Amino acid sequence: MKRLILALALLLATPLYAVQPDEVLPDPVMESRAREISQGLRCLVCRNENIDESNATLAKDLRLLVRERLVAGDTNEETVAYIVDRYGEYVLLKPTLTGANKLLWIAGPAMLIIALGIGFGFLRRRQSEPEQSDLTEDEEKRLQALLND
């Protein structure tokens, strides 16, 4: 009995797709293309969830829009480009490495390298500088005498 309950719990814990039966295209090839495209599009409400897994109304609208574009004869790339033009590049779960995104991709590692360089330079300069004493010669002699005792 415990095994049956565990099996049911594991079965129910699997991710359920939010695609409704009325959204599914009759052509299985086009439906698989729509699912493939949907896996790469972010739900703008849920953030890090693709539109296939989201129950949000906007995700449903995006799923329908993807299917609409495919039925109209668009390729996968044209469909994604249409949605990106309409909603912005944020809709992509894997952003492209073009334009301003290059700056964002490069900025983090570049800042880390600059910070490491500054830290290394500071430590190296600190080690190479001789220690300067604010003591006069007489105070230095007294200090050495005290240290020798």
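Does Cys 46 count as buried, exposed or partly exposed, and at what relative accessibility? In this predicted model, Cys 46 is partly exposed, with a relative accessibility of 33%. Cys 43, by contrast, is buried, and its relative accessible area is 0%. The structure contains zero disulfides. The sulfur of Cys 43 has its closest cysteine sulfur in Cys 46, at 3.4 Å, and the two are therefore too far apart for a bond; the cut-off for a disulfide is 2.5 Å between the sulfur atoms.

Helix α3 spans residues 57–71. Its 15 residues reach 21 Å from the first C-alpha to the last, close to the 21 Å expected at 1.5 Å a residue. Ala 59, Leu 62, Arg 63, Leu 65, Val 66, Arg 67 and Leu 70 are the buried residues of this helix. They pack against two other helices, α2 (28–39) and α4 (76–87). In an α-helix, residues three or four places apart point the same way, because there are 3.6 residues a turn. After α3 comes Gly 73, which has a positive phi near 105 degrees.

The largest nonpolar core comprises 17 residues, of which Leu 41, Ile 51, Val 66, Leu 70, Ile 83 and Val 91 touch the most other members. At least two residues of this core come from each of α2, α3 and α4. The greatest contribution is that of α3, which gives five residues. When residues up to four places away in sequence are not counted, Ile 83 touches Leu 41, Leu 62, Leu 65, Val 66, Gly 88 and Val 91. Among these contacts of Ile 83, Leu 62, Leu 65 and Val 66 are buried residues of α3.

Terms used:
Residues are numbered from 1 along each chain as its sequence is written. This is a predicted model: local features need pLDDT of at least 70, side-chain atom pairs count only at pLDDT 80 or more; totals for chains, interfaces and linings use all residues. Side-chain values use heavy atoms; hydrogens and water are left out. Helices (H or I, at least four residues) and strands (E, at least two) are DSSP runs, numbered from the N terminus. The expected span of a helix is 1.5 Å times one less than its number of residues. Buried means under 20% relative accessible area, exposed over 50%, partly exposed in between (1.4 Å probe, protein chains only). Contact means heavy atoms within 4.5 Å. A nonpolar core is a set of buried Ala, Val, Leu, Ile, Met, Phe, Trp, Tyr and Cys residues joined through side-chain atoms within 4.5 Å.
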